[in-house]
Amino acid sequence: ACNLSQEVNGVSWLHGEVSKEILGNLWPGYFKNELHIGYVTNGVHFPTWTAMRLRRLYARYFPEGFEGHEYRISEWKKVYDIPDEDLWRERLVLKEKLVRMIRRRYCDPGHVRMDSPHQVMQVLEGIRPDVLKIGFARRFATYKRALLLFTDLDRLAAIVNNKERPVQFIFAGKAHPNDKPGQDLIKRIIEVAAMPQFSGKIIFLQNYDMELARRMVQGVDVWLNTPTRPLEASGTSGEKAVMNGVLQFSVLDGWWVEGYKKGGGWMLPMERTFENQDFQNEMDAELIYNTIEEEIAPLYYRRDENNVPHDWVESIKVCVADIAANFTTNRMLNDYEERFYRKLHERHERMVAEDFRMAREIAAWKRRVSSAWDKVHVVNTEQFNMDKEAILIGHGYDVEVVVDIDGLRPEDIGVEMILADQITDNKNVRVIAKRELTFVRQDGSRAFYSVRSTPESTGSFDMAIRVFPKNDKLPHRMDFALVKWA
C-alpha cells in the first residue's frame, strides 16, 4: 500500500513516528527522520458523543466554537465564563443518567448475568452518583492492559473502600470472538468484581454497545487508559470523554501525547523505565494507585460549603478548552485537507494537464535514470581532513565531490552532505543537517559538485556524501528512492 501511495500518514504524531520505524526499510538509503510519512491525529464527532445538555450549555457561552462548517478552537476558551455551579450541575445530571442505566441493566437478566441476587443488590446499593467514578471501556485487546489495576488487590481494596474518599471503577467492553486472551481479561475482571471487598465497587457492564459507550464517556468522572507503550495508535474513547468534561488519566501514548495539559488530566510517562514488561507493569500500577490516592481523589472530594468542587471544575474547563477543542472530527478533516488532500488534488491537476504531459515526462525521466543508475558512482571526494585539522564553529570549509554520471545530465543528479549524530547502531540514525552541493563543471562523463560548509554546532558527528536522482517534479525523494553513498 505504501509503494502505491504518494502520501502516508499515521493517526497521531506518535503513531507517525512509530510508522517510520516500521516502514523505514521500504526506502533504503533514507533515515527515519527524513521519511515523508506524516500524521493527522484522529478526532471524534462532537455532536454524536457530547451530551445534549452540555452542548446546550456550551452553545450559550461559545456557539462559534462548534457550529457551522469551521469550528473555531479559540472560542472554546469561553468555557471559563461558565459558572462553576452550572457546569458541575450538568456533570451531576450525566452521572445520574449513567447510574440509572447501570441499575436498569442490573435489574434486567437479558443484560447482566450474576452469580447471585445478593451480588446484584450489592451493586444496586453501591452505585451512587456522589462517588468518584473511573471508567474503562473499549475493545479488550491484551495491549490495553485492562488488568493493570489488579496488580495489587490489597492496595486496590484500600482505594475503593476508603470511607472519606471512595472510588468506583466501571469496566465495559468486548473482545473479538477469536481473541481468547482478550476474553480471559474480561473473565478476570468479573472474578475480581465478585470478590467481597470489591462487590459494588468494581463493576463490569456486559453487552457493551454504542448506547452504553455514550453513557460511559459522558457519565464517569475520569477516563482510564493504560496501553503498553507505544502500541496505542490513537485511542478515540478518551477524546469522546474529554468532550464531556471527563478528565483523562492515561499513558502518554496515542493522542494523549498531544492532548495532555497539566491541570486538565493525568498521565503516565511516555518513556519506558524497564525493558522487562512485567517490571514496567508493576511500576505503572504503583503510579496509578499513587495518582488516584494522592491527586485524583483529594481533588474530587475537595468541596466548598455548597458541595461544589471548584478545583475539579477548573480542571474540567482546562480539559474542554485546551484539550477537547483540538480533537474534533472537524479539526481532523481540516488537517487532512491542508496536509494531504489539497496538495494531492493540485498535483493531480498538474499531472493530467495537457494529456498527462507531466506524468509522461516523469515516467520517461525515471526510465532513463534507472537504465544508467548502476553505472553512476562517486569518483572522488575532496573535503577537510577531520583527522588532521580542527573543525571550528563559524569557519567555512570546501567540499568537492566528483561523480561519474555515465550519460545522464548533471541536473539529473543531486549530491548532498549528510551530517548525523554519531552513529552507534544503524537502527537509530538521526540526521541533523543536510547541505546540497552545487554543480560546478563537467569533464566528459564526470560532473563536479561543491559546497562551502560552515559548522554551526559543537559535538561529535558522522558525515557522509549521498548521491540521488534529482527532479523537481517528484512529490518527494521517496517517490524514486535510488541512492549511492560515498
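In which helix is tyrosine 300 found? In this predicted model, tyrosine 300 belongs to helix H11, which covers residues 277-301. Before its surroundings are described, the chain as a whole deserves attention.

The secondary structure of the chain consists of 13 helices and 16 strands. The radius of gyration is 29 Å, well over the 23 Å that the globule rule gives for 486 residues, so the chain is more spread out than a compact globule. Along its principal axes, the C-alpha trace spans about 95 × 50 × 50 Å. Of the 486 residues, 49% count as buried. Among contacts between residues at least 6 apart in sequence, 72% join residues at least 24 apart.

The surface and the charges may be taken next. The chain exposes about 23,700 Å², and carbon and sulfur atoms supply 50% of that area. There are 68 positive and 72 negative side chains, and the centres of these two sets lie 4 Å apart.

In soluble globular proteins, nonpolar side chains tend to be buried together. Here the largest nonpolar core has 94 residues, and Phe169 and Trp312 are those with the most contacts inside it. Apart from this core lies another, of 23 residues, with Trp365, Val376, Val399 and Leu408 among them.

Tryptophan 312 leads back to the opening residue. Leaving aside neighbours within four places in sequence, tryptophan 312 is in contact with Trp88, Leu132, Asp221, Val222, Leu247, Trp266, Ile296, Leu299 and Tyr300. Tyrosine 300, for its part, has a relative accessible area of 0% and is therefore buried, the cut-off being under 20%. Not counting residues up to four places away in sequence, tyrosine 300 touches Trp88, Lys95, Pro129, Asp130, Val131, Leu132, Asp221, Pro309 and Trp312. One of these contacts, aspartate 221, is 79 residues from tyrosine 300 in sequence, while the C-alpha atoms of the two are 8.8 Å apart in space.

An α-helix has 3.6 residues a turn, so residues three or four places apart point the same way.

Note on methods:
Residues are numbered from 1 along each chain as its sequence is written. This is a predicted model: local features need pLDDT of at least 70, side-chain atom pairs count only at pLDDT 80 or more; totals for chains, interfaces and linings use all residues. Side-chain values use heavy atoms; hydrogens and water are left out. Helices (H or I, at least four residues) and strands (E, at least two) are DSSP runs, numbered from the N terminus. The radius of gyration is taken over C-alpha atoms; the globule rule is 2.2 Å times the number of residues to the power 0.38. Buried means under 20% relative accessible area, exposed over 50%, partly exposed in between (1.4 Å probe, protein chains only). Contact means heavy atoms within 4.5 Å. Accessible areas come from the Shrake-Rupley method with a 1.4 Å probe; for residues, only the protein chains shown count as cover. Lys and Arg count as positive and Asp and Glu as negative; His and the chain ends are not counted. The place of a charge is taken as NZ of Lys, CZ of Arg, CG of Asp or CD of Glu. A nonpolar core is a set of buried Ala, Val, Leu, Ile, Met, Phe, Trp, Tyr and Cys residues joined through side-chain atoms within 4.5 Å.
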